[in-house]
Amino acid sequence: MTLVPRSLYGKLVGAMVVLIGAIGLSYVILALGTTRLYLEEVNQKLHRSLAASLVAENELVRGQTINHEALEQAFHNLMIVNPAIEVYLLDPDGRILAFSAPPGKVRRERIDLAPVAAFLAGGEAFPIRGQDPRDPEGYKVFSAAPIMDGDVLGGYLYVVLGGEAYDSVARVFQGSYILRLAASVAAAGLVLALAAGALSFVWLTRRPRRLSAAVEAFKQSDFQEPLRLSGWRPNPRGDEIDHLGLTVESMSQRMVQQIAQLRQADSTRRDMVANISHDLRTPLTSLQGYLETVLMKGDSLSQEDRRRYVELALKHSQRLGQLTEELFELATLESDEPPIQIESFSLAELVQDVVQKFRLEAEKRQISLDTEIPQDASAVTGDIALIERVLENLIENALRYTPAGGRVCLSLILDAGRVAAQISDTGRGISREELPHIFERFYRVEKARGDAAEGTGLGLAIVKRILQLHDSAIEVESEPGVGTSFRFALPVTG
Ligand code: ADP
């Protein structure tokens, strides 16, 4: 795979390189510093009594004068044993009196005696560094011993250990095969750790990469196609990335669904507005037309015609009124908080009352209107006013679509804790193709709306919505030319 700097993988590898690099570097610095200190400590401890031995072996000060001969001998002996060691003879105040180093290299005239006193007192943590006579700024480990002339302090022998050999860390390093080997092994370990880290990050970032690609594809599809994770099935009991995958997946499904619903709602709204304006416009235009005719023709109209026109105008205004009322009713029922008052009531009594209201209308249409109500019909739970509206709409339709001589029957049937109401007629029926649509708003089988068209196409939509609010459904069975039967049920109170 390519290393994109802004990818999660690139960032992880970058962070790892910085982290391992910092740890490695601090480890190297610590190791070298410690090694150097340790070498100095060992060196100083090893030569702790060197100065004392030299003083004991040679009579360096005799009386108040320096025994140059003995001093030269001591310098010479030491040079043979270890050329890195420098010996200095100090007076009791630390002033340098004589030294073994080549002339010109010594830059100090006196040495601070505090470290010497600490060294002589013993017990102090080693290494103790004293001033380096060859370097005005430098300090080095040393061995020191007082030179006594009888009871009088004649001076100090100050032996600088290691010379210039351990001056720098780099030189310590260069000088040790073991250290070099250890450094190479550590460097190889570091490279291996980096490679292993980089490889494991490829594996660890595999799922986020797939998720990101799937989300991108989802976006490209304009949020139409639900998210599809290829080559990875998130485990519900998995880690955070699995959970993220599952959440994003279900989120995408939800989004697709909601977008589809929004589109559907939008097109329904547009259809509805078109239907409403059409349905309102038709009676309104007729109403205006008749009124204008009456106004324009004035006295030239016969009494009879004038009356007929005004009657037609009235009929259209009534239709307009009914339409707006039903629209308002449906809108209220479909609002977030529809007005519904649940109570217990007798469906049998309600059916009788409603049927009573339609008796005259049925007689006018020469249709027999009957009821079949069992004696023991129990009380039901629901909103009595809304259920009355359901019965009215269904009876109204049954009478409207049944020819003279037909029959409309309302029956109640007790059925497993529910009371079902059935409104059947021997009318013209509804065809199989039309049946699924009759509950839609503004759906009317008779598309051609004549001047005196009855019905608004909202009646069954209102019925369906009211029953929905009662957690109930409306069923319909119909056979063209034979009749139609609507049925709904309400729960028995109790
Ligand atoms: P409308 O106000 O036109 O009656 P509805 O929503 O009440 O509107 O009914 C929708 C359509 O269903 C009607 O146009 C009608 O064709 C059909 N319909 C409803 N009830 C019956 C029935 N009992 N017999 C035959 N057709 C019916």
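In this predicted model, Arg 270 and Asp 266 lie four residues apart in helix H8, so about one helical turn separates them. The two residues form a salt bridge, with their closest N and O atoms 2.6 Å apart. Asp 266 has a relative accessible area of 29% and is therefore partly exposed.

Helix H8 itself spans residues 240-297 and has 58 residues. From its first C-alpha to its last, H8 reaches 83 Å, close to the 86 Å expected at 1.5 Å a residue. At the start of H8, a side-chain oxygen of Asp 239 comes to within 3.2 Å of the backbone nitrogen of Ile 241. Gly 298 follows the helix, and its phi is positive, near 50°.

The domain assignment divides the protein chain into four parts: domain 1 (8-43 + 171-204), domain 2 (48-160), domain 3 (221-339) and domain 4 (343-491). The C-alpha centres of domain 1 and domain 4 are 88 Å apart.

Side chains of opposite charge can pair when their charged atoms come close. The whole structure contains 24 salt bridges. One of these joins Arg 36 to Glu 40, with the closest N and O atoms 3.9 Å apart. Both residues belong to helix H1 (residues 8-46); they are four residues apart, so about one helical turn lies between them. Arg 36 is partly exposed, at 25% relative accessibility. Glu 40 is buried, at 9%.

Helix H11 (residues 384-400) contains Arg 389. It also holds Glu 396 and Arg 400, which are four residues apart, about one turn of the helix. Glu 396 forms a salt bridge with Arg 400, and the closest N and O atoms are 3.7 Å apart. Glu 396 counts as partly exposed at 30% relative accessibility, whereas Arg 400 counts as buried at 17%.

Arg 389 is likewise buried, with a relative accessible area of 18%, under the 20% cut-off. The side chain of Arg 389 makes a polar contact of 2.5 Å with the side chain of Glu 329. Both residues belong to a network of salt bridges that also links Glu 326, Lys 357, Glu 388 and Glu 392.

A nonpolar patch occurs on the surface. Tyr 177, Ile 178, Leu 181 and Val 185 form this patch, and together they have about 450 Å² of accessible area. Tyr 177 lies in helix H6 (residues 177-204). Its relative accessibility is 56%, so Tyr 177 counts as exposed.

How values were computed
Residues numbered from 1 in each chain as written. Predicted model: local features only at pLDDT ≥ 70, side-chain atom pairs only at ≥ 80, totals over all residues. Heavy atoms only, no water. Domains from an automatic or database assignment. Helix = DSSP H or I, 4+ residues; strand = E, 2+ residues; numbered from the N terminus. Expected span 1.5 Å × (residues − 1). Polar contact = N/O pair within 3.5 Å; in protein donor to acceptor, adjacent residues only side chain to side chain. Patch = residues over 30% accessible without salt bridge, like charges linked within 9 Å, V, L, I, M, F, W, Y side chains within 5 Å. Areas by Shrake-Rupley, 256 points an atom, 1.4 Å probe, with all protein chains shown as cover. Salt bridge = Lys/Arg side-chain N within 4 Å of Asp/Glu carboxyl O. Buried < 20%, exposed > 50% of the residue type's maximum accessible area, 1.4 Å probe, protein only.
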